[in-house]
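Hi,

Here is the structure I promised to pass on. Have a look at it first, and then read my notes below.

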Amino acid sequence: MDNIDGDTNDIDTFVKPYIIPEASDELNQNLESMARSFAVTDEKIRIIIKGFHESMKIGLDHDDKDALPMIPTFVNRRPTGKETGTFLALDLGGTNLRVCQVTLNGDTTYQLLQQKFTITQEAKESRLWDFVAECVAVFLEEHDLHPPQGRRAIPCGFTFSFPIFQTGISTGNLSMWNKGFTVPNSVGRDVVNLTQSAFQRHHVPVEIVAVVNDTVGTLMTSAYSFPDTQMGIIFGTGTNAAYWERLENVGKWAGDRHGEMVVNLEWGAFDNAALVLPYNMHDNKLNRKSSNHGLQVYEKMISGLFLGEVARNAILALVDQCLIFNGRSSEILNKSYTFDTAYMSAIVSDDSPDLSATKTVLESTLDLPPTTLIDRKAVKNVCNMIGTRSVRLSAAAMCAVLLSRPELLKSSVSVGIDGSMYQFYPDFEKNLYAVSRSFLGDDFVDNRLTLRLAKDGSGVGAAIVAMTVDNERMAAT
């Protein structure tokens, strides 16, 4: 986004950087039109923030399919950083399952022993629960882990990175699959029961005592080390956030309305009707062909799983008009989801005079015929348009949530963030800060806002919540 310089309220600011002086008028006209369709001006962000606040308010009051889900998580105790103990945690994400043993040292630090398992396509489509049980069994055996003395099972926190409707700290029904998962006979059922049944089938001595969303885990991990953490965000394969909300504002909460609770926004579902988002033909093509058509529209505009596919659609639109690559493509590029977001990262950070890294991606990785420098500049510009839109929409959501609790902005605020987009996409963090200035103010952003990488935080956070729950249960017996 470094090439966006000027008045970010003026749409031309998002167009001029993408014009290639030596290119044909027709290519430049198409790049201009494309840049306008991906542009997110400050005024558009203000509209999005207003839409977020309206949707959050409805979702906190009652369940509404057109509003943000705003799911109460049953997590109502902030960590102090003084907690101690060793706990097991599972972290099921869109790409990997991590099995962790977390040791909390009681001084805001922790040790992490973990093993990462790549989730197979077969697991994503059919046998996920057995796959989880098998991986946990491998971890316990390799590290010689057994239940504590006098206990039949090892207490465990489960970070589950898919939308669930929680009915308790250790129960949650799957609302829908996303991130390309399609496991049958799961939607509407309790994911803890499904996992626990698989543990029993495979004789795995583990009891899940808490289920949390990955954003809740990220928030809790950051809060263990930094008590001023108010929000946890995932900017990775998918995107979502959780934050501390006063229970008096949660109209649909049937329990005690004193104190506060972590609320899971499921913000990937914001504006599925695309009434305020800058939705264009390339988004529509992706959405039309996706397994969850019409859902998670916001997520599809900003998260790692989808950005490369939006870019592929936009690049092919130029190919189809014979404006780049002499109108030719390749078998690889013609297949869906072959233009990985990692390729976008390599291309937008390519500052070589002949765009040699871009040339390698296009010709060696994607097997395209020899490209011209203009071809490569056009592809880099398309990737920059889409990456810029992603970070501006990401900042819009973060600002919307922080602005919903204006009293917090008078003090220091940490936001715990995890995920591959935040970690690896060029200048993502820097641009989150930059965009936020227009909406949160220079004073707050410069002096009181800290974005903190909560690396692998979702697993550690699950262990922190599990420890709290297990301690309360043991005290009650």
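**The largest pocket**

Keep in mind that this is a predicted model. Its largest pocket has a volume of about 1000 Å³. A total of 43 residues line that pocket, and the closest to its centre are Thr95, Gly236, Thr237, Gly419 and Ser420. Several elements give two or more residues to the lining: β3 (96-105), β10 (239-246), α8 (304-320), α10 (341-348) and α13 (420-424). What kinds of residues make up the lining of the largest pocket? By class, there are 21 polar, 12 charged and 10 nonpolar residues.

**The strand β12**

Next, find strand β12, residues 413-418. Why can we call β12 largely enclosed by the rest of the structure? Because six of its six residues are buried, and buried here means under 20% relative accessible area.

Which strands pair with β12? One is β9 (residues 229-235), which pairs with β12 in the parallel sense over five bridges. Here Ile234 has Asp418 of β12 as its bridge partner. Another is β13 (residues 449-453), also parallel to β12 and also joined over five bridges. In that pairing, Val415 stands opposite Leu451 of β13.

**Aromatic rings**

Now for the rings. A pair of aromatic rings is described by the distance of the centres and the angle of the planes. Searching the whole structure turns up 17 aromatic pairs. One of them is Trp129 with Phe160, a stacked pair at 6.2 Å centre to centre, with 15 degrees between the planes. This pair links distant parts of the chain, 31 residues apart: Trp129 belongs to helix α3 (residues 121-142) and Phe160 to strand β5 (residues 154-160). Trp129 has 8% relative accessibility, so it counts as buried. Phe160 is at 0%, so Phe160 counts as buried too.

Phe339 and Tyr343 make an edge-to-face pair, 6.0 Å centre to centre and with 85 degrees between the planes.

Finally, look for charges over rings. The charged end of Lys179 sits over the ring of Phe162, 4.5 Å from its centre. Likewise, the charged end of Arg452 sits over the ring of Phe226, 3.6 Å from its centre.

Definitions and conventions
Residues are numbered from 1 along each chain as its sequence is written. This is a predicted model: local features need pLDDT of at least 70, side-chain atom pairs count only at pLDDT 80 or more; totals for chains, interfaces and linings use all residues. Side-chain values use heavy atoms; hydrogens and water are left out. On a 1 Å grid over the protein atoms alone, a cavity is a set of points where a 1.4 Å probe fits but cannot get out, and a pocket is an open set with protein on both sides within 12 Å along at least five of seven lines; lining residues have an atom within 4 Å of a point. Grid points are joined across faces, edges and corners, and a volume is the space filled by probe spheres set on the points. Helices (H or I, at least four residues) and strands (E, at least two) are DSSP runs, numbered from the N terminus. Ala, Val, Leu, Ile, Met, Phe, Trp, Tyr, Cys and Pro count as nonpolar, Asp, Glu, Lys and Arg as charged, and the others, Gly among them, as polar. Rings of Phe, Tyr and Trp (its six-membered ring) pair if their centres lie within 6.5 Å; planes under 30 degrees apart count as stacked, over 60 as edge-to-face and the rest as tilted. Buried means under 20% relative accessible area, exposed over 50%, partly exposed in between (1.4 Å probe, protein chains only). A charge sits over a ring if NZ of Lys or CZ of Arg is within 6 Å of the ring centre and within 35 degrees of the ring normal. Two strands pair if DSSP finds at least two bridges between them.
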